[in-house]
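The following exercises are to be worked through with the sequence and the structure at hand.

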Amino acid sequence: MAIRVQADRFDMGAELNRFAAAQQGAGAVVSFTGIVRDLASGDLDAMEIEHYPGMTGKALADIEEKANERWSLAGSLIIHRYGRLVPDDPIMMVATAARHRGDAFAAAEYLMDYLKSRAPFWKKEITAGGAAWVQARDADEDALNRWFEPD
Amino acid sequence: MIDVRYFAWLRERVGTGHEQVETRAATVADLMAELSQRDEGYALAFADPGAIRAALDQELVGMDAPLAGAREVAFFPPMTGG
């Protein structure tokens, strides 16, 4: 299990190779990378990501622990950036490793759903015309809640 | 005294990210009501309680959580990570 919160850019390919090489007995590795997306109008200058330093590490560790309790994972990785990012920059990535793909896929999706609405990060979009905080979406809260619905 | 932290648009509206507050508020909601009386910026920041989340000592809590024993309370909008 590893968690990194950083301002610096990261190389998703290098991170994934390093993560996969460190796993013992894992037949499946799944990863997700979030990328700064330009606005439909094409005029996004930057995305500023604020976080709550005292809480971020704890919240991510808690999220990772929950995933490890729920699925049998060989390993997991969460990287999340903060500060000023530009379009096409990687924002964050999660990677999971397991013996079989089912656990790796499910755990990666769970980690993503959880950290979308429970990790203390806030995004602001900066354009020439001004700045606007990104609104939380109901769909993200729904995506998280579905993990707790009875079958 | 309790450390109060604000993030994102709450920080911008209040005008600071951190301050120490002397309060007798019993719960997070009581503290919010107290702070919103301070000036226009605070009133605007706390105008829509439904759009605000809170943490006590870096753990998410409900608005009815008691402040007793807490060192730090944080107010922020719903998180937009990922």
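## Exercise 1: Chain A as a whole

In chain A, residues 24 or more positions apart account for 78% of the contacts with a separation of 6 or more; two residues are in contact if their C-beta atoms, placed from the backbone, lie within 7 Å. The model is a predicted one, in which local features need pLDDT of at least 70 and side-chain atom pairs count only at pLDDT 80 or more, while totals for chains, interfaces and linings use all residues. Residues are numbered from 1 along each chain as its sequence is written, and chains are lettered from A and ligands numbered from 1 in the order in which they are written.

Task: determine which elements chain A contains and whether its radius of gyration agrees with that of a compact globule.

Step 1. Chain A has four helices and eight strands, where helices (H or I, at least four residues) and strands (E, at least two) are DSSP runs numbered from the N terminus.

Step 2. Their order from the N terminus is β-α-β-β-α-β-β-β-α-β-β-α.

Step 3. A compact globule of 151 residues would have a radius of gyration near 15 Å, and the 16 Å of chain A agrees with this. The radius is taken over C-alpha atoms, and the globule rule is 2.2 Å times the number of residues to the power 0.38.

## Exercise 2: The sheets of chain A

Step 1. S2(A) and S6 (residues 90-98) of chain A run antiparallel and are joined by eight bridges. Within this pair, A:Ile35 stands opposite A:Pro90.

Step 2. Four bridges join S7 (residues 121-127) of chain A to S8(A), and A:Ile126 has A:Ala131 as its bridge partner.

## Exercise 3: Chain B and its contact with chain A

Task: describe chain B and the residues through which it touches chain A.

Step 1. Chain B has three helices and five strands, arranged from the N terminus as β-α-β-α-α-β-β-β.

Step 2. In the contact, 13 residues of chain B meet 21 residues of chain A. Helix H1 (8-14) and strand S5 (72-76) of chain B are the elements that give two or more residues to the side of chain B.

Step 3. That side consists of nine nonpolar, four polar and no charged residues. In this division Ala, Val, Leu, Ile, Met, Phe, Trp, Tyr, Cys and Pro count as nonpolar, Asp, Glu, Lys and Arg as charged, and the others, Gly among them, as polar.

Conventions. Pairing = 2+ DSSP bridges.
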